[in-house]
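Subject: A structure for you to look through

Dear colleague,

I am handing over the structure below, and after it I set out what was found. Please keep the structure open beside the text while you read.

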Amino acid sequence: MRELITNDLSMCVGCTRCLRVCPVEGANIAYDDGGSGKIKVKIDYEHCIACGSCIAACHHDSRSYEDDTERFLSDLQKGMAISMFAAPANRANGEKTGGRLLAWLRQMGVKKIYDVSLGADICTWAHIRYIQKEKPASVITQPCPAIVNYITIHKQALLPNLSPVHSPMLCTAIYMKKYDNVNDKIAALSPCIAKSHEFEATGFVDYNVTLKKLYDYIKKNRISLPTQESGFDHAESSLGCLYSMPGGLKENVELHLGKALRIDKSEGQSTVYKDLDEFAGRKGKQLPAIFDVLNCPEGCNLGTGCAHDRDKFEVNQIMDEARQKVLRGREKADFDKLYSDFDEALRLSDFTRTYKRRNIRALTPSMPQIEQAFLNMGKITEADRIFDCGACGNETCLDMAKKVACGRHVSEGCIQNEKHRIHDEHKTIMELSKINLQSTKEILSDISNVSNLSDKIAQSLSSVEAAMAKQNQMAEEVNDIAMKINMIALNASIEAARAGQHGKAFAVVASEIQRLADASKATVSETQEVTKQANASIKTMSTLALTIKGDLGKTFKNASGMAQKTEESISQDVDRDN
Ligand code: SF4
Ligand code: SF4
Ligand code: SF4
């Protein structure tokens, strides 16, 4: 089957929204991108039913889809003979009635254009005749290929219930080819991405041209649609135009059979697949004659391939106008007449089909594998295993464990596991902080001791400085005494000279005294020089001691601040834990 949903992994941020909305097991695989710890999610096309939910859910442009719009336009330009049919949703998307779009398509070279309302009328007729003839227990309708995909891939037990009647689009294509001799290639103006799968499986339709892509092309190329509207080559006849809205089939059947059949309905990706599972689980219990199911919540009018430029109320208004137009001035007999015409003109077997099972690899891990997955996710206790927050994109932790066990998810995708990991890391950091705090306190005590020591050094140095000053003063006094002795020695030598021969010995003594006084003076001067140098060194040491004390003070303040903050954060953490 063609891979319709595109997946640009470079845009994927691993938000898991696609996982949350995906109605089927295993269609998305969450993986660790190159071991970087970044989670990305890719599609497993074997399991994907092309329901389109993930495109709407992805806010990061990672998911989109492909159809045949480009090939269709290019083939038209090459002059290929192409006819079309337009889904009823054409009225509810783009320009007002869809008539100007039809006019433009004809300008582009499309030969004939049929209204799928015709195929929807045939489809209702075929359902009624099939039920009357075969009397099946309960029929599941199949206008949505995503539903057919779900049953043929994931819920094969429902295959006997799946209606063999073709969808309205296929009924239109078959009518065109087999009853109206349209031999051109056939294109569908369609509201649905998954129709490509139906066309591929049945072979009647060559192009799935979705409304969204066609209007995107028109907008991008600034094309002005013709002002004149165009209609269909085959007019609508009954309420088939309502098939594109929830309950449309029911309304059609009731127009002919009243309330003779119980018809239940379900629509929307978040509901219909669960309802189908419940339906499958009701074996042997009472079931509706028809279970009318639609993949999209508002039916095909706001389908996966629609332009989505109107809200549901506007769309319902358009549908109601179409309903009133069909019913105006017509009686039930007129509609019954249409069915007798179909009985005469159409073969029921032309509008029925069979289905092929699509077998896939089972995703059923063993109990030990699930247990290992729980352990990898850090889930030891029962409480952890039923936490079921849904953040990983799964409804329950058990679902997640099964996916991890099958390699469809990674244990790092569990938010609770990540919370535990972060909590453990935080705990380790707190333990380290406590050790750091202890070391910081020891350093603070050392700083305080060194600071006291520098105080003492500074005090000792000032005592030494005072002693040196005293010593300098004493040297000055010795110098004075030496000068006085020198004067006395000079006077004594003058007196000795006056005494002549008698003073000779005294002159020798005076000269010796003078020599001693000179020697004392020289020693004093040397001492003063040494004292001066010692004073300079003491001053430098005092300054250094003061600088060290200042620096230590700043370091002490910073380290104390840090220690206080660490202490506060540890005590807050303890409070939190308590
Ligand atoms: S929705 Fe899915 S594909 Fe899109 S970004 Fe999130 S994880 Fe990726
Ligand atoms: S298209 Fe549907 S089935 Fe496929 S991955 Fe997206 S949500 Fe799942
Ligand atoms: S606790 Fe983990 S595994 Fe369970 S639902 Fe939440 S994220 Fe998923």
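Is the crossing of H5 and H10 left-handed or right-handed? Please bear in mind, as you look for this, that the model is a predicted one. The crossing of these two helices, H5 and H10, is right-handed. Helix H5 covers residues 116-134 and helix H10 covers residues 248-257, and the two pack at an angle of about 60° while their axes lie 10 Å apart. With that angle, H5 is therefore oblique to H10. On the side of H5 the contact is made by Thr-124, His-127 and Ile-128, which meet Leu-249, Asn-252, Val-253, His-256 and Leu-257 of H10. Sorted by class, this contact of H5 with H10 holds four nonpolar and four polar residues, and no charged ones.

Helix H6 (residues 145-154) packs with helix H8 (residues 195-202) at an angle of about 65°, and their axes are 8 Å apart. H6 and H8 are therefore roughly perpendicular to each other. Here Pro-145, Val-148 and Asn-149 of H6 meet Lys-195, His-197 and Glu-198 of H8, and the residues of this contact divide into two nonpolar, two polar and two charged.

Turning to the strands, you will find an open sheet of three, in the order S7-S11-S10, with parallel pairing. Strand S7 (139-140) and strand S10 (263-267) stand at the edges and each has a single partner strand, so one side of each is left without a neighbour in the sheet. S10 runs parallel to strand S11 (residues 290-294) and is joined to S11 by five bridges; Asp-264 stands opposite Phe-291 in S11. Helix H11, residues 269-280, lies across S10 and S11 and runs at about 135° to S10.

Finally, there are the ligands. Ligand 1 is surrounded by 13 residues, of which the closest are Cys-12, Cys-15, Cys-18, Cys-58 and Ser-62, and its shell is made up of seven nonpolar, four polar and two charged residues. Around ligand 2 there are 14 residues, with Cys-22, Ala-27, Cys-48, Cys-51 and Cys-54 coming nearest, and this shell divides into 11 nonpolar and three polar residues, with no charged residue.

Notes
Residues numbered from 1 in each chain as written. Chains lettered and ligands numbered in written order. Predicted model: local features only at pLDDT ≥ 70, side-chain atom pairs only at ≥ 80, totals over all residues. Near = placed C-beta within 6 Å. Nonpolar A, V, L, I, M, F, W, Y, C, P; charged D, E, K, R; others polar. Axes fitted to C-alpha atoms, helices over the stretch in contact; angles between N-to-C directions. Helix = DSSP H or I, 4+ residues; strand = E, 2+ residues; numbered from the N terminus. Parallel < 35°, antiparallel > 145°, perpendicular 65-115°, else oblique. Contact = placed C-beta atoms within 7 Å. Pairing = 2+ DSSP bridges. Left-handed = near helix turned anticlockwise from the far one by under 90°.
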